[in-house]
Structure formats: structure tokens, C-alpha cells
Amino acid sequence: MDPLKDIIVPKMEQKNNVFVFPSEVAARLLQKKALQLSKLRTSRDSCFISWDQFKEQTLHYAAGKQPVNNYLRALFTEQLLLENKKRPFFTTLIQREYADNSGAYANTICGFLPLLYKIEKIPDLTFSRHTKKRLSELNQILTRYKSFLNNNRLYEPHYETPNFDAGSKNYTIFYPAIIKDFENIAPLLEQINRISLVPLSQKLGANKPELLVFNTTITEVKWVLLKIAELLDRGTDPAEIVLTVAGLEKLESYLKEQAALMHLELNFHQGKPLFSYSGVDFLNNIRTIYTSGFAIEEIKALIWNCCLPWRQKKQAEELIRFGIAYNCLKNYYDGTQELDIWQTHFKRLTQSREYSGKELETLSSFYAELKAHITGINRAKSFKQLEDSVAAFCAAFFTRSFFSGETGGYFEYAVKVLKELTENAERIDLPQPDSVFNLWLSCLRERMYVPQRPKKGIAVYPYRVSAGIRPAYHFIINASQTNTQHIIKKFPFLHINEETRLDEYDLDLSDPFLALYMCSGEQTFVSYARKDFSDSHLPPGFFIASGTVSDCAAEGTLKRLDPILQEMRLWTAGTIEDRHVLTPIQKAGFFSAYTSGLTTKTSDYIHSPIKKSVLVNRIIKKLPHEGGKLRISPTSLELFTACAFSFFLSEGLGIGCEVYEPELLDALSVGNIIHRMFFHFFKTLQEHDEAFEPDNTARYEKDMTRSLSLLENYYIKSEAVPLKPIWSYLQQNLKENGIRFLKVEAQTFPGYKVEHLEHTVGMDWDRPAVALRGKIDRVSVKENSHIIIDYKKKTTPSKQDIFTSHQEPASCQMPFYYFLLTESGYDISSASYYSFENGGYVHVFNPDNPRAFSGLKALSTTVESVKQNITVMADRINSGDFSVRSQNPSPNCMHCNYRGVCRIRFVLA
């Protein structure tokens with residue numbers, strides 16, 4: 001018997017007949033299908049209803065009371081847990097040590113409330129002491145909950161026995177076996193003549209269950225989309241094709257991606273937590289900004305939310321740049337009060353050269369307004385005050401366009417939830433929650449929302465929602481044992497080992513749903529994949545029992561019909577098996593390639609020199625010059641030698657890379673502090689014409705500490721300072737490593753006098769016309785023998801970086817310094833790096849130290865390589881040659897800021 005043709009269609013003309021289906025989706029779609037099969041032109045929506053609508057129409061509870069809802073349950077739970085936080089009375093449901101975090105258990109306890117009445121039905125068994133204590137605490141919640149209901153003239157539908165009144169209507173209830181609470185209502189329906197049931201038929205007939213098995217989810221999805229595309233090509237009405245996906249939340253993004261590649265329109269009918277929609281998710285940013293102490297990372301997330309039309313977009317983005325530039329990581333407490341790091345910098349930078357007074361005042365005002373509104377929302381004491389604060393925030397910062405369109409619709413619905421919370425809070429006798437904003441966010445996380453605006457395309461439903469519908473073609477995919485399992489726990493507050501002691505078992509609706517799905521379409525296709533994107537899966541027992549699990553031989557079909565695989569074969573092999581019709585996305589891709597990658601470039605400075613002399617001259621003028629000559633430093637030489645094209649972009653064109661990640665400790669700033677500390681210390685020795693003597697270590701420690709104290713002034717005036725707690729840690733680290741340096745210095749270079757500190761040394765060449773300049777941290781002398789010292793925070797160049805088998809050393813700093821000083825008449829006996837954090841010297845050149853990287857001969861060879869590289873650099877710049885000589889990526893490519901521009905190593909987004 002076909003329920004649609006034999007039951008529904010013949011009874012549709014009788015106005016008092018009502019058909020009840022497990023879901024709203026089934027009711028609407030079967031109404032449409034029945035209308036097509038009947039001779040009627042219209043039908044009333046009230047004749048096709050869902051099970052929930054049926055209960056609303058026929059079940060009547062105590063007069064004078066109103067039903068409790070999720071808002072009221074949440075308010076009750078919030079108050080209960082707030083009391084437990086202040087004076088803990090739970091010991092098993094919430095252990096005492098976690099009482100301060102009682103709010104984390106709100107959703108769990110709130111979910112228990114409708115079913116707590118079942119505690120009274122649990123027989124007096126010999127449970128463990130711990131279980132009895134937990135049941136006692138649940139019973140305590142039940143008692144308080146009943147008191148709350150009575151005091152506010154409310155009732156919990158699950159706790160009451162309703163009266164049933166069918167009126168003059170005849171109700172036909174379809175497939176009660178898959179309705180989870182039908183057994184609770186069944187006793188009321190048994191004696192009613194106006195109620196008839198249509199059970200799930202055990203004789204499936206032509207719809208014999210069969211499960212198609214794929215090796216991977218990728219293959220399964222491609223197969224079903226190709227089948228749908230084939231049906232559409234044959235002229236099938238899209239409304240007659242339905243796709244049901246078990247575990248849709250995991251496959252949704254992949255389905256959208258693959259459908260877009262095949263130019264298939266999919267219309268997803270899936271409810272999601274309201275909190276996940278654009279236009280609502282920013283509310284969580286408002287919460288995390290406040291709780292994080294207005295951390296720059298959280299403010300970035302709010303301002304860069306592309307769905308928010310900021311009224312003051314320029315000021316908002318400038319605030320982010322300011323926070324990153326000045327390390328505004330977060331506000332914090334110093335033990336007595338909150339320190340606002342943002343306002344501290346605004347006040348300190350009044351005379352800043354980077355910002356004018358007006359710009360700084362505008363930025364400070366924007367931050368102050370943002371902070372005031374966010375603080376007001378988070379500290380709202382009532383739902384009405386929260387409504388006003390949220391409205392004021394949106395009016396102050398968003399344009400009117402925010403409230404129009406799809407995004408604004410989601411936000412308006414979120415505000416509707418807040419208004420409902422306000423109304424419910426006003427009608428009950430409970431104090432306002434400790435944080436009304438948190439409770440609102442919690443409700444938004446739990447509230448499921450399905451966009452109401454209809455979209456074109458193949459309907460896609462989550463599993464169970466579409467059970468019982470009758471399209472011409474119904475595809476049910478991802479139907480593994482895990483994804484199709486549907487078990488209703490009768491005692492959700494009991495652990496599994498405790499449930500086994502009861503005679504009642506959980507309600508397993510897995511097989512009934514699968515059986516109904518086999519009848520949910522004129523042609524049904526059920527499939528699953530052994531392996532999805534993360535786990536392996538087994539087929540449902542329903543199909544194993546029927547012996548109809550079979551592998552789908554889809555590989556050959558996919559290779560032949562998949563347009564993406566066809567395109568790949570065309571590019572690689574030059575042929576395709578069948579006539580291939582390009583999809584719109586492929587046409588767009590080919591057009592884009594034709595106008596870009598497949599078109600001959602007019603200028604390609606990556607692979608060839610710049611031919612326009614005017615452009616070359618402009619670039620040369622932009623580079624540093626001194627005395628009319630191109631100035632070359634060790635840093636610029638290393639950059640050019642590593643990659644001339646990167647040098648061209650950064651130095652020649654001035655294209656920089658804006659950084660949006662703040663750092664706890666900025667390496668450059670810390671390096672500057674270290675150099676300043678050493679400068680102050682050795683400046684004292686230099687002024688007294690005093691050599692470094694190991695016997696004076698105790699005095700040097702005091703001098704080093706004094707040098708460190710001078711840096712307090714640097715902390716106050718610096719434009720990029722760390723937070724004070726971090727600065728305190730850094731001071732201690734500087735002091736310990738500074739004193740360790742004194743011991744290393746006494747062992748390594750005793751008796752040396754400081755000759756130069758932060759000394760700029762250089763020389764000029766005529767051919768090519770260059771000015772070589774280098775700034776050396778320290779040059780010390782002993783008996784006319786000089787040493788070169790350069791400080792590093794931690795990492796020093798390795799031997800392979802300086803002395804390579806070819807003529808392009810990665811680090812040329814020390815050979816460069818050595819060359820300039822020896823040309824100026826210095827006798828260099830050592831060239832060394834000092835690693836501040838590692839606490840030791842690394843000797844590039846030192847004939848008296850067997851662990852030095854090189855002797856004089858190797859160093860001289862490297863110096864000649866450096867001189868040659870200088871000549872090559874100058875000649876190439878003057879000729880406009882910034883091309884990349886090698887076609888193979890180098891290690892430098894991994895850290896290059898211009899990988900998105902260069903053709904040597906692509907960046908795929």
C-alpha cells in the first residue's frame with residue numbers, strides 16, 4: 001500500500017481530515033506531492049502538520065498556568081548555579097573545587113530539567129554511595145524546580161498528564177515508530193476513534209534496502225553530484241531531486257566546494273546555532289575583548305569582521321596599526337588597579353612625530369568610545385539595559401546598511417531572542433542573572449535557526465529531517481553506522497554503567513529511520529564511505545542484516561565524467577576520452593589564464609633587466625647615496641646577493657610588508673636594548689681610558705647594573721615598549737646575562753681598551769662608484785692589535801654562512817668590516833660575534849683560537865669574494881638588472897615577504 005496514493009489523496013477533499021508527519025519538512029513536501037497527484041487546485045496548510053503542531057492543537061494542560069520554555073529554564077539554572085558559586089552545595093554534580101566555574105555546567109543541567117521527573121521512577125536499587133549522592137542532588141534540583149514552577153504559575157509539559165481533545169477533526173498519524181516521544185502520548189490515543197496510525201511498513205517491496213559502498217568520501221560525493229548533474233541534463237525537475245546527508249555539518253563545506261566546481265546549485269535546509277551566523281558572531285568578540293583586557297588580537301577580530309560596516313572605518317583600522325606598533329597586547333592589573341596600556345601610550349605620545357596632535361586625539365577618542373560601549377554591554381545589570389547598550393553600540397559604530405540585507409536579518413533575530421529573554425525575566429520571581437550578557441550569548445549558542453529566505457537549487461537536508469518525503473530521486477549519503485545511529489536516552493542523567501541496572505532500555509530509532517528512508521523517494525540511493533576525512537566507518541547493521549551491502553564501481557565513471565579530472569587529463573596528456581563540455585567555472589578559469597598566465601608579458605623584471613633608462617635612474621636615485629655615490633652596507637649587500645629581485649622590491653620600489661601580529665618581546669627592540677646596555681658600560685671605560693681587567697669584575701658588575709638602570713629612560717621614551725611585567729622580566733634577564741658577559745670577556749679579551757663604540761667606518765671606490773659603509777659595535781685594542789666585536793641577541797652566523805664553496809657568502813658582515821678596517825690601517829687580530837643569550841663568543845677570525853672559523857688565508861679569500869660581489873651589485877644596479885639568476889628556490893624563499901609576487905616559488909592560497 002502506498003500511503004500517499006491510497007490514504008492521503010482520497011481523504012484530502014474532506015476538510016476535517018488532518019495528516020500528521022514526524023517533521024515540518026515532511027508535512028510541507030508531502031502536501032505539495034499530494035496536491036500534484038490529486039485533482040485539487042489548492043489544499044489547506046492546516047491539513048498537513050508536524051507532530052509538534054499536533055501536540056499543540058490537541059494536548060491541554062492545567063488551566064491558569066503557562067508552559068515553561070527554554071528561556072525560563074535558563075534563568076532558573078543561572079540562578080541555581082550562581083548560588084552554588086557563592087555557597088557551594090553541590091559535591092558530585094559540580095565538585096567544590098570547580099564551584100567558581102559553575103556556569104560551565106549550565107547547558108548540561110538545563111538540559112536535564114524536562115526529564116528530571118524520571119528520578120522518581122528509578123527503583124530503590126543498591127547504587128554506589130557516589131551515585132546515590134548525585135541522585136540526591138538531582139532530586140534537590142527537581143524539588144527546587146517544581147517550587148519555581150508553582151511560584152510562577154508555570155508547568156513543565158513533561159511533568160503533567162495532559163487532556164486530549166481531537167475536536168471534530170480526524171487525525172492520521174504517519175510513522176509513529178520514528179517519533180521519539182510517541183510512547184508518552186500513545187496511551188491517550190488508544191481509545192480515540194478519530195485517531196488512526198500509519199505504521200512503517202515492514203514490506204518494502206521494490207524498495208529493497210541496498211547500500212552502496214565507496215572507498216572514500218571524496219569519491220562518494222563526486223559520484224552523487226555527477227548523478228545529479230546527469231539527471232538535470234536529462235531535464236529532471238530540480239524540485240524532484242533531494243540530497244540527504246548524514247553528518248551534514250562535517251560535509252557541508254566540501255559539498256559546496258565540489259558543487260561549485262560542477263556548477264550545481266545546492267540549497268541547504270539546515271538549522272545552525274544562531275551564534276554561528278554573520279552579523280551575530282561579533283557579539284562574542286565583544287565579550288572576549290572585555291574579558292581579555294582589550295587585547296589587540298580580539299580587537300582585530302572585531303574590526304576585521306568583513307560583515308560589519310564600520311561608520312569610522314579609517315579610525316578603526318588605524319587603531320589596529322597603533323596597537324601593533326606600540327605593543328598594546330592587553331590591559332592588565334598591577335596588583336592594585338587596572339592599567340590601560342592603550343591610554344598610557346596615547347598620553348605618552350602627545351609629542352610624537354608619527355602622529356599629529358589632532359590625529360592622536362581622534363584615535364584616543366575612538367578607543368575611549370569603543371571601550372565605554374563594550375564595557376557597558378558586558379556590565380549591563382538587566383536585560384533592558386543590555387538591549388539599550390547593544391542598540392547604542394550599533395548606532396555609534398555601524399552604518400545603517402548593517403540592518404538591511406541577510407546579515408542584518410540574523411542580527412535582528414538575535415535581538416528578538418534578547419527581547420524574549422527580557423519578557424520572560426519580567427514575568428518570574430527571580431533576581432537578574434549575574435551576567436545578563438553571558439546568558440544572552442548562551443541562548444544564542446543553543447538557539448537553532450534556519451534562514452527563511454528560499455534559495456534555488458537542489459534541496460539538501462540533514463539526516464532524519466527528510467524522512468518520509470517522496471521526491472522522484474532521493475540520495476542519502478554518508479550513511480555509516482555512526483552517522484545514522486539515533487538513540488534516545490531515557491535517563492540522560494545516569495551513566496551507562498548505572499543504566500544497565502535498570503530494566504528500561506534506551507530507545508533505538510536507528511533501524512526505523514533507515515527503513516523509512518528506503519521508502520522516501522520513488523528511487524532512493526543510499527551510500528556511505530569506508531573512509532572520510534578523518535575516520536574509518538562501518539555500514540549500518542540494518543543493511544548487513546539484509547545482506548545488501550555492495551561496492552559501487554564508480555572509479556571508471558568518475559574518471560570519464562568528472563569535468564575536473566577531464567581538465568587535468570587535457571593539460572597533462574593532451575587528450576580526453578569523451579567530448580567534454582566546459583562548466584562555467586572552467587570557462588572563467590580558462591579566460592583568466594588566457595588573459596594572464598598564458599599571455600606574453602610586456603615586462604618581466606624577475607627574469608630580465610629593466611630596459612627603460614628613465615625607470616632605472618629613478619630606482620637608483622631612490623637608493624641610499626653618499627657624496628654622489630651608491631652607498632653599500634653589509635646588510636644591503638647580503639640582501640642583494642641573496643635575491644636581487646627582493647632588493648628591487650624593498651629598496652628600489654619601497655614596497656614594504658605591513659605586520660599585523662604584535663609580539664610579547666619584539667626582537668629588534670630587545671636587540672637595541674642590549675646594544676644600548678653594552679654601549680653605556682663600555683663608554684664609561686672609554687672615557688677613563690681604562691682597559692678591561694679581570695681583577696675589576698666586582699666593580700664592573702656595579703657599572704653594568706648602573707648601565708641597565710639608565711635604560712629606564714629608554715622604557716619611558718621608546719615608541720615600542722613591552723608591557724611592564726614583561727619589562728621587569730627582561731630587566732632581570734638583562735642583568736643576569738650582562739654579568740655573565742663580564743666573566744666571558746675577562747676570560748676571552750682581558751686587557752683590551754675600547755677604541756671605538758658604534759663606530760662607522762668606510763671607504764670610497766671610483767670604479768664602480770660606490771661608498772662602502774659599516775657600523776661596528778665595538779673595536780678594542782691591545783698593544784696595537786685590534787679586535788672587532790659585534791653583538792647578537794642569540795643567533796650568530798655559522799661557518800657555512802661565511803665561508804662557502806662558492807663566491808656568495810650568506811653573511812658578509814665580518815669580512816666586510818675586516819676589509820674596511822684593514823684598508824684604514826688597522827691590524828686586526830680577531831673578529832668575533834658575542835651571543836647575548838647563549839653567553840659566549842663565536843670567533844670568525846682569530847689565529848690564536850683553534851675553534852675560530854678560519855685563518856688569514858680563508859678570510860682573505862672570502863674578502864675577495866665580498867669585493868667581487870660589491871662590484872657585481874653596483875654594476876647590476878646601474879644597468880637595471882634585478883633579475884633572479886637561478887630558477888630553483890633557495891632557503892631564503894621560505895622567509896621572503898614577496899613570495900606572492902615572485903614566480904620562483906609560488907604561494908597558493
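Are F54 and F164 buried or exposed? Select the two rings and keep them on screen while we set the ground rules.

This is a predicted model, in which local features need pLDDT of at least 70 and side-chain atom pairs count only at pLDDT 80 or more, while totals for chains, interfaces and linings use all residues. Residues are numbered from 1 along each chain as its sequence is written, and side-chain values use heavy atoms, with hydrogens and water left out.

**Stop 1: aromatic pairs**

Back to your selection: F54 and F164 are both buried. Buried here means under 20% relative accessible area, exposed means over 50%, and partly exposed is in between (1.4 Å probe, protein chains only). The two rings form a tilted aromatic pair, 5.9 Å centre to centre with 50° between the planes. Rings of Phe, Tyr and Trp (its six-membered ring) pair if their centres lie within 6.5 Å; planes under 30 degrees apart count as stacked, over 60 as edge-to-face, and the rest as tilted. F54 sits in helix α3 (residues 51–58) and F164 in strand β6 (residues 163–164), so this pair ties together parts that are 110 residues apart in sequence. Helices (H or I, at least four residues) and strands (E, at least two) are DSSP runs, numbered from the N terminus.

Next, pick F640 and F882. This pair is edge-to-face, with 6.4 Å between centres and 70° between planes. It links distant parts of the chain: F640 is in helix α26 (residues 634–642) and F882 in the segment after α33 (856–878), 242 residues apart. F640 is buried at 5% relative accessible area, and F882 is buried too, at 2%.

The structure holds 69 aromatic pairs. For a whole group of rings, select the aromatic cluster whose members include F678, F692, Y700, F749, Y791 and Y841.

**Stop 2: the nonpolar cores**

Now select F282, W342, F393 and W440. These are the residues with the most contacts inside the largest nonpolar core, which has 97 residues. A nonpolar core is a set of buried Ala, Val, Leu, Ile, Met, Phe, Trp, Tyr and Cys residues joined through side-chain atoms within 4.5 Å. Helix α16 (residues 405–426) gives this core its largest share, nine residues. In soluble globular proteins, nonpolar side chains tend to be buried together.

Centre the view on W440. What does W440 touch, leaving aside its neighbours within four places in sequence? Its contacts (heavy atoms within 4.5 Å) are L283, L386, V390, A414, V415, V417, L418 and L421. Apart from this core lies another, of 50 residues, with I606, F803, L859 and V863 among them.

**Stop 3: salt bridges**

There are 35 salt bridges in the model, each one a side-chain nitrogen of Lys or Arg within 4 Å of a carboxyl oxygen of Asp or Glu.

- Select K384 and D388: their closest N and O atoms are 3.1 Å apart. Both lie in helix α15 (residues 383–397), four residues apart, about one turn of the helix. K384 is partly exposed at 44% relative accessible area, as is D388 at 45%.
- Go on to R447 and E420, a salt bridge with 3.5 Å between the closest N and O atoms. R447 is in the loop between α17 (436–446) and β15 (448–449), while E420 is in helix α16, 27 residues apart. R447 is partly exposed at 23%, whereas E420 is buried at 19%.
- E690 is buried at 18% and R699 partly exposed at 35%.
- Finish with E626, R631, D764 and R773, which are linked in a network of salt bridges.

**Stop 4: helix α9**

At 1.5 Å a residue (times one less than the number of residues), the 14 residues of α9 should span 20 Å, and its end C-alpha atoms are 19 Å apart, which agrees. Where does α9 bend? Look at Y254, where the bend is about 30°; that is the angle between axes fitted to the seven residues ending there and the seven starting there.

After α9 comes H263, with a positive phi near 60°.
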